[in-house]
Amino acid sequence: MQISNEYLYEEDKKHYLPTFKRFPLALIKGKGSRVWDADGKEYIDMLAGIAVNNLGHCHPKVVSAICDQAGELMHISNFFVSPPQVALSKLLVDLSRLSYVFLTNSGAESVEGAIKVARKYASKKQKGGEIISMKTSFHGRTLATIATGQAKYQKGFAPIPTGFVQVDFNDIKALENAITPDTAAVILEPVQGEGGIIPAEKAYLQAARKLCDENDVLLIFDEIQCGIGRTGHLFAKDHFGVQPDIMTLAKGLGSGMPVGAFLCNEKVGAAIDFGDHGTTFGGNPLASAAALATIKTILDENLCQAAKDKGDWLMSIVRSWSKDHPMIKEVRGIGLMIGIQLDRPAAPIVKALMEDGVIANATAESVLRLVPPLNIPEEDLVKVLDKLKAIIISVEQNEK
């Protein structure tokens, strides 16, 4: 039987828990910024697995690192150390200027760990464990992480864990009013992803840092989507000159290998005792080797600067269209983390792009999200822009 999009899509529906509203596509191969489906159609990938494939698909240095490590040692208990884990831990600490790292399997697990160590720190200070998060944030799909996020993700999962409060993003007065003696930490994304690609204001983050210091409250940056070179710095925090107490990572860290991390400073690390946290698979040799190769390649190939340059150029082009195309209300983002705010739902535009060989997605209902590989060739970006503009023109002409 010939494997096709239709066959795989229908088979998937029979067996997989129906939690994803999937497109009727089965992707079977990737190379660089291109992917191919089971019917042989080629696409330019402007989604990169939702900001995961920062080096594109099957980067030879990452493939080589995974293959070499798989032939040596894939998994050991965390009762022991391995060379890739030791090297990755040192590299992340050195680059982040934080003091300790804990390696995880996913973004949600990284956030759970961050919340846990923040509460342990607060407990040692005889404080409560309340966590303040931002409205329109997204930190994961576990029970604790949906408690930090949007109400729509909490529906049907009551009782939601307690000890979480939400305030408006970029509103320092709201944050100040929410902090109490029971506040353990503030968690936020320097650039909100699922919320619609909304960057924090520099003055806001600097004021939040000051406010947290004054109240002995920990500041947690969730860099799961905006980290690992995505915004033009290895970590988005460095755009703002603000150092968090805890930072979470995942997505782009392993080029598609499931791996995440949370890092913390000295005072947080000093509050942790043996047995306070653990993981079976987190930081295993295979995942660590993939992450190590990913970070080194981003640095060696100067892809942070590439993300900044390509992102600035792409956003300037789309902004220049807005005067003639009222469908485009705003273009937001930093580096290659870009949101095009439309005056309507973005899903039909996503569908039209896919039919024309471009993979993107919609977030926050009316935002077209573009998070391509950092090393995407300029000619691919030109092709995407040409296709997007043609779709916008066609839709607007049909409305006249």
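In this report a residue counts as buried when its relative accessible area is under 20% and as exposed when that area is over 50%, with partly exposed residues in between. The structure described here is a predicted model.

Just after H8, Asp 216 takes a positive phi of about 50°.

Helix H12 likewise has a set of buried residues, among them Leu 303, Cys 304, Lys 310, Leu 314, Met 315 and Trp 321. Viewed down the axis of H12, its buried residues fall within an arc of 145°, so they line one face of the helix. The packing partners of these buried residues are helix H11 (285–300), strand E13 (328–334), strand E14 (337–342), strand E17 (367–370) and helix H14 (378–398).

| Helix | Residues | Number of residues | Reach, first to last C-alpha | Expected at 1.5 Å a residue |
|---|---|---|---|---|
| H12 | 303–321 | 19 residues | 27 Å | 27 Å |

Asn 105 lies in the loop between strand E4 (100–104) and helix H5 (107–124), and it is partly exposed, with a relative accessible area of 25%. Its side chain makes a polar contact with the side chain of Glu 109 at 2.8 Å, and the side chain of Asn 105 also reaches the backbone nitrogen of Gly 282 at 3.3 Å. Leaving aside neighbours within four places in sequence, Asn 105 is in contact with Pro 258, Val 259, Gly 260, Thr 279, Phe 281 and Gly 282. The C-alpha atoms of Asn 105 and Gly 283 are separated by 7.6 Å, although these residues are 178 residues apart along the chain.

His 59, in the loop between helix H2 (48–51) and helix H3 (60–70), is buried, with a relative accessible area of 10%. When neighbours within four places in sequence are left aside, His 59 is in contact with Thr 297, Glu 301 and Asn 375.

**The second largest pocket**

The second largest pocket holds about 810 Å³ of space. It is lined by 28 residues, of which Val 101, Phe 102, Ile 272, His 277 and Gly 278 lie nearest its centre. Helix H4 (83–96), E4 and strand E12 (260–264) each supply at least two residues of this lining, and the largest share, four residues, comes from E4.

**Backbone details**

The peptide bond from Ala 158 to Pro 159 is cis, with omega near 0°, and Pro 159 is found in the loop between helix H6 (143–147) and strand E6 (164–167). Ala 51, which is placed in helix H2, has a phi near 65°, a positive value in a residue other than glycine. At 1% relative accessibility, Ala 51 counts as buried. Asn 170, in the loop between E6 and H7, is a residue other than glycine with a positive phi, near 65°.

Definitions and conventions:
Residues numbered from 1 in each chain as written. Predicted model: local features only at pLDDT ≥ 70, side-chain atom pairs only at ≥ 80, totals over all residues. Heavy atoms only, no water. Expected span 1.5 Å × (residues − 1). Buried < 20%, exposed > 50% of the residue type's maximum accessible area, 1.4 Å probe, protein only. Arc of directions from axis to C-beta. Contact = heavy atoms within 4.5 Å. Polar contact = N/O pair within 3.5 Å; in protein donor to acceptor, adjacent residues only side chain to side chain. 1 Å grid on protein atoms, 1.4 Å probe; cavity = no way out; pocket = protein on both sides within 12 Å on 5 of 7 lines; lining within 4 Å. Points joined across faces, edges and corners; volume = space filled by probe spheres on them.
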